[in-house]
Amino acid sequence: MVQVAEAPPAAARKPFSAEDARSSVLPPINLQRWIEENRHLFKPPVSNRYLYDGRDFFVMVIVGPNARNDFHLVNSEEYFYQLKGDIKVRIREGDHIVDHLVREGETFFVPANVAHAPVRPPDTIGVVVEKRRPAGEREHVIFYCDKCEALVEDIDFDCGDIVQHFSQAMLDFWSDDARRTCKQCGHKVAKPEPVKPF
Ligand SMILES: [Fe+2]
């Protein structure tokens, strides 16, 4: 006989851990309900939470508005699925930045080693799937000048936990006047305000 596993009521459920994802089969998650229950935990500038934190890949839910002006570059692919509202994903192509509008219901794929920056207005919800990075792999948080598009800083680090480390790397950069000044035109990259509706 086929056994049907029933999900425990929301109140009885333990917070999801990396260990759960790596070792056991969990009941299905109602994504909308999970987002509502975890809403208060999404913190700027990135406003992301792990839905699954697996061995091979991890899945994040990301709500808007975010408040970031960095580009992310890593030697692996990223998959975006936009659940609610429209976002913009900025892609560095050669010396320029190209904006891709990703509308509600659309999916988007970023190849490895492509610098990209998601711009998420308020009341948007998206899912992003990323590959687990092997130990010792480097990844980059890159800032370009808002004015002349020159490279301002490329922060290269071993990133164990992107939820914690990314936010800290950005906060450190924005608060350092020497680092955030464009060497080409003198413009200062500012800590951005949360994204406004498009
Ligand atoms: Fe500049």
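# Briefing on a predicted single-chain model

Strand 2 (residues 57-63) and strand 9 (residues 125-131) run antiparallel and are joined by 7 bridges. The structure is a predicted model, with a mean pLDDT of 87 over the chain. The chain contains 3 helices and 11 strands, and buried residues account for 22% of its 198 residues.

**Overall architecture and confidence**

- Read from the N terminus, the order of elements is α-α-β-β-β-β-β-β-β-β-β-β-β-α.
- Of the contacts between residues at least 6 apart in sequence, 64% link residues at least 24 apart.
- A pLDDT of 70 or more is reached by 86% of the residues.
- Confidence is lowest in helix 1 (residues 18-23), where the mean is 64, and highest in strand 7, at 98.

**Strand pairing**

- In the pairing of strand 2 with strand 9, Phe 57 has Lys 131 of strand 9 as its bridge partner.
- Strand 2 also pairs with strand 1 (residues 48-53), in the antiparallel sense and through 5 bridges.
- Strand 1 and strand 2 are connected by a hairpin of 3 residues, and Tyr 52 lies opposite Val 59 in strand 2.
- Strand 10 and strand 11 (residues 151-158) are antiparallel and share 7 bridges; within this pairing, Ile 142 faces Asp 154 of strand 11.

**Nonpolar cores**

- The largest nonpolar core has 15 residues, of which Val 89, Val 102, Phe 108 and Val 152 touch the most other members.
- Two or more residues of this core come from each of strand 5 (87-93), strand 7 (107-110), strand 8 (116-119) and strand 10 (138-144).
- Beyond its neighbours within four places in sequence, Val 102 contacts Phe 80, Gln 82, Asp 86, Ile 87, Val 89 and Phe 108.
- A second, separate core is made up of 5 residues, among them Val 46, Val 141, Met 170 and Trp 174.

**The loop between strand 7 and strand 8**

- Ala 115 is located in the loop between strand 7 and strand 8.
- Ala 115 is classed as buried because 21 other C-beta atoms lie within 10 Å, the threshold being 20 or more.
- Ile 97, 18 residues from Ala 115 in sequence, is 9.5 Å from Ala 115 in space, C-alpha to C-alpha.
- Asn 113 also belongs to the loop between strand 7 and strand 8, but Asn 113 counts as exposed because it has 11 C-beta neighbours inside 10 Å, where the limit is 12 or fewer.

**Backbone geometry**

- Most residues other than glycine have a negative phi, and most peptide bonds are trans.
- Asn 113, which is not a glycine, has a positive phi near 60°.
- Asp 123, likewise not a glycine, has a positive phi of about 60° and lies in the loop between strand 8 and strand 9.
- Asp 123 is exposed, since 11 other C-beta atoms are found within 10 Å.
- The peptide bond from Gly 64 to Pro 65 is cis, with omega near 0°; Pro 65 sits in the loop between strand 2 and strand 3 (70-73).

Technical notes. Residues are numbered from 1 along each chain as its sequence is written. This is a predicted model: local features need pLDDT of at least 70, side-chain atom pairs count only at pLDDT 80 or more; totals for chains, interfaces and linings use all residues. A nonpolar core is a set of buried Ala, Val, Leu, Ile, Met, Phe, Trp, Tyr and Cys residues joined through C-beta atoms within 7 Å. Helices (H or I, at least four residues) and strands (E, at least two) are DSSP runs, numbered from the N terminus. Two residues are in contact if their C-beta atoms, placed from the backbone, lie within 7 Å. Two strands pair if DSSP finds at least two bridges between them. pLDDT is the predictor's confidence in each residue, from 0 to 100.
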